[in-house]
Structure formats: C-alpha cells, structure tokens
Amino acid sequence: MTTLLHISTSPRGDASESLRIAGVFTEVYRETHPDAEVQQWDLWDGSLPSFATGAKAKMTVFAGAEPTGDEATAWAAAREVFERFDAADAVLFSVPMWNAGIPYVLKQFIDVISQPGWIFGVDPTTGYQHLLAGRDKRVAVIYTSAVWGPELGPEFGRNFQSTYFDDWLRWTGLTDISEVRYHPTLTGDQQLARLAAEEAARDLAKTF
Ligand SMILES: Cc1cc2nc3c(=O)[nH]c(=O)nc-3n(C[C@H](O)[C@H](O)[C@H](O)COP(=O)(O)O)c2cc1C
C-alpha cells in the first residue's frame with residue numbers, strides 16, 4: 001500500500017494557514033488515491049528526541065567507532081525518527097516561515113535524521129553522496145509566510161525558508177519536489193491568495 005506522510009511544522013492548530021492548505025491537499029489526495037494510506041506527523045507532538053547526546057554519537061560514528069551507553073541510546077532514538085520518515089512512499093511537508101527561516105522543530109528533525117550512512121556519505125575528494133537518491137520518493141512542500149513575498153524587496157525580509165529547506169531535500173537525494181506557496185504579504189489580497197494556494201494544493205494532490 002502506498003503511504004503519504006504529512007509532516008507538519010506549525011503549532012497553531014485550527015489557526016494555521018499551512019495546516020489548512022495541507023488539509024485541502026490530503027483531502028483531495030484521499031479522494032483520488034483511495035488505496036493509499038495518509039499518515040500525519042505533527043513535529044510538535046513531542047516525538048522528536050533531543051540531539052544533545054546524539055551529536056556526540058554522530059562524531060563517534062564519523063570517527064569510525066560504534067556509539068556505546070547513552071550515545072547508543074541517543075543514536076537508536078535518532079534512527080527511529082529516520083526510519084519513520086524513510087518508510088513513507090511520498091511526503092508532504094507544511095512549512096511556515098519563522099524569522100526568515102524554518103520553525104525550529106523542523107531544523108531539529110533535520111539535525112536528528114541527517115546522519116552518515118543514513119542520509120549522506122562524504123568522500124574527501126569528491127564530496128557528499130546523497131543516499132536517498134533513486135528511491136522514487138515524491139516530496140511536496142507547502143511554504144507560507146505573512147510579510148515576506150517573492151515580489152518584495154529585502155526591507156520585507158529575506159527568504160532562507162524555502163532556499164534552506166529545498167537545499168536540504170536535494171542534499172539528501174530527494175529531487176522530485178513540488179511546491180505550493182501562500183505568501184499573501186501585508187498589502188496583498190489574503191482571500192485571493194488563499195483560494196489560489198488551495199487550488200494549487202488540489203491540483204497537485206490529484207496527480208501526486
Ligand atoms: C515565530 C514566528 C515567526 C515568523 N516569522 C516570519 C518572518 O520572518 N517572515 C514572514 O513573512 N512571516 C513570518 N511569520 C508569519 C508566518 O510565516 C505566517 O503567518 C505563516 O502563514 C504561519 O503559518 P501557520 O499559519 O501555518 O502557522 C512568523 C510567524 C511566527 C509564529
């Protein structure tokens with residue numbers, strides 16, 4: 001059975017724009033993919049482990065050794081998070097802009113799962129290897145912001161949200177990436193922008 005995993009990164013529940021657009025996507029996806037399973041993963045639900053000891057374990061692994069004791073426990077917890085992500089056939093991320101970047105739970109998720117041998121390898125002369133390449137895993141990302149917009153100048157902030165997250169996805173080897181955007185800006189027509197984003201989410205979900 002095909003699984004679509006929706007990873008959500010806004011804590012704002014019913015007030016969330018990114019969750020509402022993701023809801024349109026998953027509703028249409030369910031209708032048009034009756035045999036698929038849709039799973040929800042709210043990164044604010046406490047399921048992400050701290051990576052304080054994990055960071056030590058990571059450097060132990062880099063040095064060619066096996067983590068032991070607390071490091072082994074932290075490494076196993078990180079592996080569980082990676083496997084939950086890796087098991088999905090397709091992934092939908094909903095990502096608001098926070099202070100020009102991404103919400104810190106999403107950065108925590110990235111830091112927990114981006115491990116040597118799982119997501120990347122590195123060769124001293126040729127550089128990184130992208131271990132999720134060739135998996136045929138599609139990714140959709142819903143990006144939202146309220147002040148920044150692609151047509152505005154840097155006085156409205158700069159975009160390190162999609163630039164950073166898209167770069168991370170490609171670095172893992174996941175390159176089949178589609179985007180839905182909602183950037184109404186402070187002077188834009190919010191309702192019109194909402195309808196356009198929902199329409200884009202609907203269209204993408206049908207063919208995803
Ligand atoms: C902590 C925080 C930081 C934010 N920083 C920015 C920002 O730097 N630029 C921007 O345009 N909007 C910013 N916003 C607004 C959100 O990106 C925007 O309202 C978005 O649609 C929220 O997504 P959500 O409704 O799914 O939570 C911020 C909102 C929050 C809560």
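How far is an oxygen atom of the ligand from a polar backbone atom of Ala100? The distance is 2.9 Å. This is a predicted model, in which local features need pLDDT of at least 70 and side-chain atom pairs count only at pLDDT 80 or more, while totals for chains, interfaces and linings use all residues. Residues are numbered from 1 along each chain as its sequence is written, and side-chain values use heavy atoms, with hydrogens and water left out.

**Ligand site**

Polar contacts are pairs of N or O atoms within 3.5 Å.

| Residue | Protein atom | Ligand atom | Distance |
|---|---|---|---|
| Ser16 | polar side-chain atom | oxygen | 2.6 Å |
| Trp148 | polar backbone atom | oxygen | 2.7 Å |
| Ala100 | polar backbone atom | oxygen | 2.9 Å |

Of the 630 Å² of accessible area that the ligand has on its own, the protein covers 77% (Shrake-Rupley method, 1.4 Å probe). The ligand is surrounded by 16 residues, the closest being Ser10, Arg12, Ser16, Ser18 and Met97 (a heavy atom within 4 Å).

**Helix H2**

Helix H2, a DSSP run of H or I with at least four residues, spans residues 52-62. Its buried residues (under 20% relative accessible area, 1.4 Å probe, protein chains only) are Gly54, Ala57, Lys58 and Thr60. Seen down the axis of H2, these fall within an arc of 160°, so they line one face of the helix; the arc is that of the directions from the helix axis to the C-beta atoms. On the other side of H2, Ala52, Lys56 and Met59 are exposed (over 50%). Just after H2, Gly64 has a positive phi of about 90°.

Technical notes
Polar contact = N/O pair within 3.5 Å; in protein donor to acceptor, adjacent residues only side chain to side chain. Helix = DSSP H or I, 4+ residues; strand = E, 2+ residues; numbered from the N terminus.
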